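Please keep the sequence and the 3D view open while reading.

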Amino acid sequence: MRTALLRGTAAVLLTAAAAGCSSATATTSSAPPGSRISVSGAYIPLPAGGSTEMAAGYLVLRNTGGQADTLTGVSSPQAASVTMHQSTATTMQPLDAVPVPAHGTVTFARGGRHLMLMGLAETPKVGHQVQLRLEFKDAGTVTVSATIEPLTYQPPGS
Ligand SMILES: [Cu+2]
């Protein structure tokens, strides 16, 4: 277990270093020490009619660390606001915070947890990227690009 955790940490640091800019401070500025959160599969189904009013966002959070974290908010430079919601049978409820357990995975997917983007800055088009900034209590800010996909898109493995 301990070996796996250490290996996981090294992988995250290596990934961060590889993805960062060439600045010598890249690893400290873009990947705070102790951050073991990764985000994958971020996408936004094309809103009906290409509307800029509202769009949903889905993604998968992974915490490969031994310490729990909490997603406390999301924002985007390309949307007026981003909120976290939980769909129920009849409605959806706002989420103030989403816990991400140690060694845990949290999925935002159709019919469940989702992001709601309001007031997109540009007309959404399939293939375009929307930047999302996820704020974690411990890991700090994690920035990801969500790809705009066709309305009926289903992520691999779903
Ligand atoms: Cu919603």
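**Notes on the fold**

1. A hairpin links strand E4 to strand E5 through 4 residues. E4 covers residues 79–87, and E5 covers residues 92–95. The two pair antiparallel over 4 bridges. Strands count as paired if DSSP finds at least two bridges between them. Within this pairing, His-85 has Pro-94 of E5 as its bridge partner.

2. A word on the source. This is a predicted model: local features need pLDDT of at least 70, side-chain atom pairs count only at pLDDT 80 or more, and totals for chains, interfaces and linings use all residues. Residues are numbered from 1 along each chain as its sequence is written.

3. How many helices and strands does the protein chain have? There are 2 helices and 10 strands. Both terms refer to DSSP runs, numbered from the N terminus: helices are H or I with at least four residues, strands are E with at least two. Along the sequence the pattern reads α-α-β-β-β-β-β-β-β-β-β-β.

4. E4 also pairs with strand E8 (residues 113–120). This pairing is antiparallel and has 7 bridges. Ala-79 sits opposite Leu-120 in E8.

5. Now look at strand E1, residues 37–45. E1 runs antiparallel to strand E2 (residues 54–63), with 5 bridges between them. Val-39 has Leu-61 of E2 as its bridge partner. E1 is also joined to strand E10 (residues 140–149), this time in parallel, by 3 bridges. There, Ile-44 is partnered by Ile-148 of E10. As background, side chains in a regular strand alternate between the two faces of the sheet.

6. Contacts join residues whose C-beta atoms, placed from the backbone, lie within 7 Å. Of the contacts in the protein chain with a separation of 6 or more, 70% are between residues 24 or more positions apart.

7. The protein chain has 158 residues, and 24% of them count as buried. Buried means 20 or more other C-beta atoms within 10 Å of the residue's own; exposed means 12 or fewer; partly exposed lies in between, with C-beta atoms placed from the backbone.

8. Where is His-103 placed? It is in the loop between strand E6 (98–100) and strand E7 (105–108). His-103 is not a glycine, yet has a positive phi of about 55°. Most residues other than glycine have a negative phi. His-103 is partly exposed, with 16 other C-beta atoms within 10 Å.

Note on methods:
Two residues are in contact if their C-beta atoms, placed from the backbone, lie within 7 Å.
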